[in-house]
Amino acid sequence: MIAVPYLTALTTYFSYGLLFVFGQIRDLFRKIPGCCRSTNLQGYAPICFGNEDFYTRRLYLRIQDCFERPISSAPDAWFDVVERYSNDNNKTLKRTTKITKCLNLGSYNYLGFAASDEYCTPRVIESLKKFSPSNCSARADGGTTTLHNELEKSIANFIRKPAAIVFGMGYVTNSAILPVLIGKGGLIISDSLNHNSIVNGARGSGATIRVFLHNTPSHLEEVLREQIVEGQPRTHRPWKKIIVIVEGIYSMEGELCKLPEIIAISKKYKAYTYLDEAHSIGAVGKTGRGVCELLGVDPADVDILMGTFTKSFGSCGGYIAGSQELIQYLKYTCPAHLYATSISPPAAEQIISAIKVILGEDGSTRGAKKLAQIRENSNFFRSELQKMGFEVLGDHDSPVMPIMLYNPAKIPAFSRGCLEQNVAVVTVAFPATPLLLARARICISASHSKEDLIKGLEVISQVGDLVGIKYFPAEPNKPQLDEKTVKLD
Amino acid sequence: MAHLYVKAVPPTDLNRNTEWFTYPGVWTTYILILFFSWLLVLSIFGCSPGMAWTIVHLSHFLVTYHFFHWKKGTPFADDQGIYNLLTWWEQIENGKQLTRNRKFLTVVPVVLYLIASHTTDYQHPMLFFNTLAVFVLVVAKFPHMHKVRIFGINADQ
């Protein structure tokens, strides 16, 4: 539930209207001389059909320097951002050789494994020498090494499911698995804010898709009841299969899914559940086992658990964990397993070592420290931002915190203002988020120290004052005595 | 006024091109834009208020007809062309007819017509053009006209 200041909503619509009008006028001026100019490409279809590149050309390119900034070091707590300049008003950007060291508030580096790690990196280099950077083969052909088997056992053990299967790419895990699990005659009920990979996989499966209001179990129940009663479209036969797809932490909202209620409703109506834990695995929960552990849901109650290794484990790839029969079935039907190249062996070794560190099997307490650190960092950062008067979304304990910007002009203002003061933030706008709700998304890492966070807060507060995004009244500073009593908890 | 907040609930519409219309504040912005454009026309042309309303009504007709009922598809490529045969009016709220938003959008040209004809004292030729404009707009918004292309105008191969 986002509380939008009414005047801000009006000005945001007006700003987008103005941008739209200017874009249309420019397009008009482009079309008129363009009619006279004949093209010598006869018989070729156009690259863009109709006006589908309007948003990219007229809105995105204006603020292109706030997105896709190249970096030249590992995405640790501090990293090097390459400076770029433009001679034609952001239509093309050229890289320079100058770099600035910036505070990294944008990488999904939840446990700090993105940079060199004292336990993982030597083992990864060893496996690189032993196995090679790539198997150059699909899992079904020659791409299964001992590392892959060990990785699957390790991740199944970590998630507390009987078996798991691992793929080389996180996006593909969703878009190649859903068509295999369900087909025509089935029903997919997905949350309205699900990630593009899920939407793509659902569209590719051929099943009927219905959407329920974000994180609203009562609406899910309503949709389920209506769909079960109506049956398949036109024939009204009963559905072959119903899968409910939700995410653990929604990356644009930072909020946790209402998992216990959703699982209860799905069990009541005998629908399968698919939980996408891309952002929550390794980052939340007492031992890092994700949103199931945090909310007290037994992993055996969720039918399919999916996740990626790109966020908390500092690697690449995705996994699916489920029952033995399910994984066996996926191993001989999923195209990503049969035809796509297997996950790179050093990447697999990184995940195995990262899991060992998290579970404490490397003989140290670094894993537990990292988990406590990220929880503490996220809660501290979020509460400080809220005290300053920013509108911050997301639940307690979630390491993702979007700060609402709303107006389209505030997006580049905030992004460039922070970069000038050496803080790198990621801003997200339409169409990745709804039109009205543009935001700057902060991702906290376990490798951020208290000083880093305080510096980040100072810069964000300064830029926030300049840009005017402190939509809520700031809380007055509490006296020193109160802070001491809170610390004793 | 600065501390008046509204709740923004994400709708179940997956079409990013039309989903923004279900958020709070859109109706007010629309009405305010019409009112301010009337003031703008008055100050630029220095004509009578009735003439200004007629100009606003006719330009509103041209703009909304072009963007709601003529242009098809979405302005981004992510949708991969699934809405390429539908105009914006046919896309909103997944094609469900007679919703609150659709009723509001049908009422606005009619109210503009009434204001324009009243302030010009129902004189010709303004009355003729205003009536033609409102007729075309209201007929285009009928539920029966969903996906109908008269005489193949604006239809695809």
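## Annotated transmembrane spans

Over residues 21-45 of chain B the chain is 80% helix and 0% strand, with the end C-alpha atoms 32 Å apart, where helices (H or I, at least four residues) and strands (E, at least two) are DSSP runs numbered from the N terminus. Residues 126-143 of chain B are 83% helix and 0% strand, and the end C-alpha atoms of this span are 29 Å apart.

Chain A also carries the annotation "transmembrane region", which UniProt (unreviewed entry) places at residues 6-23. That span of chain A is 100% helix and 0% strand, and its end C-alpha atoms lie 26 Å apart.

## Basis of the values

Residues are numbered from 1 along each chain as its sequence is written, while chains are lettered from A and ligands numbered from 1 in the order in which they are written. The model being predicted, local features need pLDDT of at least 70 and side-chain atom pairs count only at pLDDT 80 or more, whereas totals for chains, interfaces and linings use all residues, and side-chain values use heavy atoms, with hydrogens and water left out.

## Layout of chain B

The secondary structure of chain B comes to 5 helices and 1 strand, and from the N terminus on these elements run β-α-α-α-α-α. Along its principal axes, the C-alpha trace of chain B spans about 50 × 45 × 25 Å.

The peptide bond from B:His124 to B:Pro125 is cis, with omega near -5°. B:Pro125 is placed in the loop between α4 (100-119) and α5 (126-140) of chain B.

## The interface between the chains

In the model, 33 residues of chain B are in contact (heavy atoms within 4.5 Å) with 38 residues of chain A. The area buried between the two chains is about 3200 Å², and carbon and sulfur atoms give 69% of it; buried area here is the accessible area (1.4 Å probe) that two parts lose on being put together, summed over both. B:Tyr5, B:Leu14 and B:Arg16 supply 17% of the area that chain B buries against chain A, more than any other three residues.

Across the interface, 9 residue pairs are found in polar contact, both residues at pLDDT 80 or more; a polar contact is a pair of N or O atoms within 3.5 Å, of which, within protein, one must be able to donate a hydrogen and the other to accept it, and residues adjacent in sequence count only if both atoms are side-chain atoms. The elements that give two or more residues to the side of chain B that touches chain A are β1 (5-8) and α1 (26-45) of chain B, and the largest share, 5 residues, comes from α1(B). By class, that side of chain B has 21 nonpolar, 7 polar and 5 charged residues, with Ala, Val, Leu, Ile, Met, Phe, Trp, Tyr, Cys and Pro counted as nonpolar, Asp, Glu, Lys and Arg as charged, and the others, Gly among them, as polar. The count of salt bridges between chain B and chain A is 0, a salt bridge being a side-chain nitrogen of Lys or Arg within 4 Å of a carboxyl oxygen of Asp or Glu.

## Strand pairing between and within chains

Strand β1 (residues 2-5) of chain A and β1(B) pair in the antiparallel sense over 4 bridges, where two strands pair if DSSP finds at least two bridges between them. In β1(B), B:Lys7 is the bridge partner of A:Ala3.

Within chain A, 3 strands form an open sheet in the order β2-β3-β12, with mixed pairing. The edge strands of this sheet are β2 (78-85) and β12 (423-424) of chain A, each pairing on one side only. β2(A) pairs with strand β3 (residues 94-104) of chain A in the antiparallel sense over 7 bridges, and A:Tyr85 stands opposite A:Lys94 in β3(A).

## Annotated domain and local geometry of chain A

UniProt places the feature "domain: Aminotransferase class I/classII large" (unreviewed entry) at residues 101-460 of chain A. This span of chain A is 42% helix and 15% strand, and its end C-alpha atoms lie 17 Å apart.

A cis peptide bond joins A:Phe430 and A:Pro431, with omega about -5°, and A:Pro431 is placed in the loop between β13 (426-428) and β14 (439-443) of chain A. A:Arg160 has a positive phi of about 70° although it is not a glycine, and A:Arg160 lies in the loop between α4 (146-159) and β4 (163-167) of chain A.

Note on methods:
UniProt positions renumbered as here; feature names shortened; annotations may be inferred.
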